[in-house]
Amino acid sequence: MDALTVATWNIHGGIGLDRRRAPERIAQVLSRLGADVIAPQQFAAPHAHFEAGRGELEQRLGLRAIVQPTLATARARFGNAVLTRLPVRKATCHDLGVGTREPRNAIELECD
């Protein structure tokens, strides 16, 4: 591989400007990027569907998805994700929280 293409995008919980949750739209845009590593922030899904959301991204994009929740509300879990076409050796989540502020994290990947 001569070049590595990386993209990041705040997907606002998968809800568009029309206020509709449409994961297929998110997947369409991400697939057009053609990036080797994609880091969408504000990945969100209802509690019971958080892991299903990860699986849906993997299936739609043909990429491996690593997701890590940072915040849980009564209705949903929110967090970050990293999608990659590269073989992942190790994935580590780092807590970036500060005091009583909204929780934050970062996902570190070691890829081949």
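**Phe-43 and the core around it**

Leaving aside residues up to four places away in sequence, Phe-43 touches Ile-11, Phe-50, Gly-53, Arg-54, Leu-57, Val-67, Arg-77, Phe-78, Gly-79, Asn-80 and Ala-81. Phe-43 also belongs to the largest nonpolar core of this predicted model. That core has 17 residues, and Phe-43 is listed with Leu-30, Ile-38, Leu-57, Leu-61 and Leu-83 as having the most contacts inside it. In soluble globular proteins, nonpolar side chains tend to be buried together.

Now for the chain as a whole. The protein chain has two helices and seven strands, and from the N terminus on they run β-α-β-β-α-β-β-β-β. A compact globule of 112 residues would have a radius of gyration near 13 Å, and the protein chain comes out at 14 Å, which agrees. Its C-alpha atoms fill a box of roughly 45 × 35 × 20 Å along the principal axes. Of the 112 residues, 31% count as buried. Among contacts between residues at least 6 apart in sequence, 59% join residues at least 24 apart.

In H2, the buried residues are Phe-50, Gly-53, Leu-57 and Leu-61. These cover an arc of only 50 degrees around the axis, so they end up on the same side of H2. An α-helix has 3.6 residues a turn, so residues three or four places apart point the same way. The buried residues of H2 pack against H1, E3, E4 and E5. As for length, the twelve residues of H2 (residues 50-61) should span 16 Å at 1.5 Å a residue, and the end C-alpha atoms are 17 Å apart, which agrees. Just after H2, Gly-62 takes a positive phi of about 70 degrees.

H1 (23-33) buries Ile-26, Ala-27 and Leu-30. Here the arc around the axis is only 95 degrees, which puts these residues on the same side of H1. Their packing partners are E1, E2, H2 and E5. Just after H1, Gly-34 has a positive phi of about 65 degrees.

A word on confidence: the protein chain averages a pLDDT of 88, and 98% of the residues score at least 70. By element, confidence is highest in E6 (residues 88-95), at 95, and lowest in E3, at a mean of 78. E3 spans residues 43-46. Where pLDDT is low, the predicted coordinates should not be read in detail.

How values were computed
Residues are numbered from 1 along each chain as its sequence is written. This is a predicted model: local features need pLDDT of at least 70, side-chain atom pairs count only at pLDDT 80 or more; totals for chains, interfaces and linings use all residues. Side-chain values use heavy atoms; hydrogens and water are left out. Helices (H or I, at least four residues) and strands (E, at least two) are DSSP runs, numbered from the N terminus. The expected span of a helix is 1.5 Å times one less than its number of residues. Buried means under 20% relative accessible area, exposed over 50%, partly exposed in between (1.4 Å probe, protein chains only). The arc is that of the directions from the helix axis to the C-beta atoms. Contact means heavy atoms within 4.5 Å. pLDDT is the predictor's confidence in each residue, from 0 to 100. A nonpolar core is a set of buried Ala, Val, Leu, Ile, Met, Phe, Trp, Tyr and Cys residues joined through side-chain atoms within 4.5 Å. The radius of gyration is taken over C-alpha atoms; the globule rule is 2.2 Å times the number of residues to the power 0.38.
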